[in-house]
Amino acid sequence: MIGLTYLAAILATLPLLLILLHLLRKGATSLSLSFFTHMPRPVGEAGGGMANAIVGTLVLIGIASAIGLPIGIGAGLYLAEKRTTALAYTVRFLSDVLNGLPSIVIGIFAWEFLVRPIGHFSALAGGVALGSMMIPLVTRTTEEMLRVVPTSLREAALALGYQKWRTSISVVLRTALAGIATGALVAVARIAGETAPLLFTAFGNQFWSTGLREPIAALPLQIFTYAISPYDEWHQQAWAGALVLITIVLIISIAARFATRSRFGAPVD
Amino acid sequence: MTAVSAHWLDKDRRKLRVEEFSIGDRIYELVTAACALVVPALVVSIAVAIFAAAWPAFAKLGLSIVTSSSWDVAGGSFGAAPALFGTLVSSAVALIIATPLAIGVAIFLSEFSPAWLRQPVGFLVDLLAAIPSVVYGLWGIFVLIPLLREQVMPFPRDTLHLGATPLFRGPAYGPSMLAAGVILAIMALPYISAVSREVLMAVPRSQREAALALGATRWEMIRDAVIPYARSGIIGGIMLGLGRALGETMAVTMVIGNRPEISASLFAPGYTMASLIANEFSEATNDLHLSALMAVGAVLFVITLIVNAIARWLVWSVSRSRAK
């Protein structure tokens, strides 16, 4: 039976290694500088790139962070400071539940409020959907990070005559800043690859567009469209796009892992 | 700006000293509380948005949305039973594959792993959760499906001669319930194993030592002393993985074949609620069609909400009983 647990460990790590191997093998051959600088080409023409999708993903991440980070950090501060109020318990529980909701459901929510009444898809709606997914993630990691800050620091600041809000922001929050930034990065990595909520919100765009009221291209959407197409050139592009996406996500995840470990001794999920 | 009322004074004397709010403190508290309130507001808005959008379909079609299996856009009948069936079955297949593996890894990491392997293996398994769904789908289409079609599917049919049993009947095209189940198993695995590892690690030393002192082998100790102690936490982890699998959209849409039929065969293509919404949304021709898709979303929302709430409650109940 002990041997079986070894086998389970090998089987469980195998898919990751296989996926990375295939991404490297198939993606690297079609990846070139023009992938980052050129627009998608029509079917039948080799080459071209996903410049618009890469920029689109960055724009979406920007909007999502502008919504998700301040609200998430604010809520995390509340949870860390008012640990035992009824609201704190509710928020903690609902954050966890929200984290588990299918991303496509969040997409429907953004569509109902921001696409349907306006009548067209937009980058803004996509950013709101992704931002809504970030809020519970950032809330929970911020709370965890703030809890690690020793109470003596807070007491020292209060004893020096700092007001409570100054203490919270310039002493407690600052001490935990590295950890909170790491949590924010993990949240960004998580939403960067999201596709389902963008189907009804950002929608994708074959052309260059950075307007917030216009439909916008996104790397995951482009990978999806190309992967299910019947064209070989597009499949190549999809692998290249996936390699770029996974590289971004893995770099962030690994960096976050080492940053938290060196600082607090134990990794924080 | 002192805001000390007689009521507070009675209730909590300690508060008297520090209850001198400055304007800054007031604003700070209001702002953080407002941020915290966004979370429940978000949950409520999501529920309102989905049920408002789904209402016309529920009013017109009633429960036939989940009970009927005829999805005919032109004829105006929207029965998503095959999608509901596909969601449940693909998730069940995923859990059957992922649960033993995930618990095995968790036991390996918490009990047997050499210290130098613990961090890297744990990290690699956790990384599975970081891979975007669309990348799983891409890998599924071009690597997993050919592998299943050529290596795995012929095995029960040709070697074991089970081709006549309902489970393995029919031609093996590749895109199938099995492919969806395998992809979902890989995606749910890190969630189940992370929670299981955490609750296993939290089982007190005394529990293990008592079992060993009674003469148990290491395996008997795990089976009889450690796992029972961690059981409800592990079940919570499995429910969490189930929640992921039920709502997963892109990867499943790319490998399940998207055919709205109920078939007992694992080799047959199927459909899930999430992939039904993802596929038909942009082509929705009329209001009823759109609303029917939203109704499917509402059903998915309710199912995942319940599964997640139970999962969180189970995991919490373990950590709370430990804290006492």
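I began with the order of elements in chain A, which from the N terminus on runs α-α-α-α-α-α-α-α-α-α-α-α. I took helices (H or I, at least four residues) and strands (E, at least two) as DSSP runs, numbered from the N terminus. The count for chain A is 12 helices and 0 strands.

I noted that this is a predicted model, in which local features need pLDDT of at least 70 and side-chain atom pairs count only at pLDDT 80 or more, while totals for chains, interfaces and linings use all residues. Residues are numbered from 1 along each chain as its sequence is written, and chains are lettered from A and ligands numbered from 1 in the order in which they are written.

I then looked up the extent of chain A: its C-alpha trace spans about 70 × 60 × 35 Å along its principal axes.

I turned to the interface, counting two residues as in contact if their C-beta atoms, placed from the backbone, lie within 7 Å. Here 69 residues of chain A are in contact with 68 residues of chain B. Helix H1 (residues 2–29) of chain A gives the largest share of the chain A side, 13 residues.

Finally I examined one helix pair. The axes (lines fitted to C-alpha atoms, for helices over the stretch in contact) of helix H5 (residues 103–115) of chain A and helix H3 (residues 23–61) of chain B come within 9 Å and cross at roughly 75°, with angles running from 0 to 180 degrees between N-to-C directions. H5(A) is therefore roughly perpendicular to H3(B), a term for angles of 65 to 115 degrees. Among the residues making this contact are A:Phe109 and A:Phe113 of H5(A) and B:Ile46 and B:Ala49 of H3(B).

Terms used. Parallel < 35°, antiparallel > 145°, perpendicular 65-115°, else oblique.
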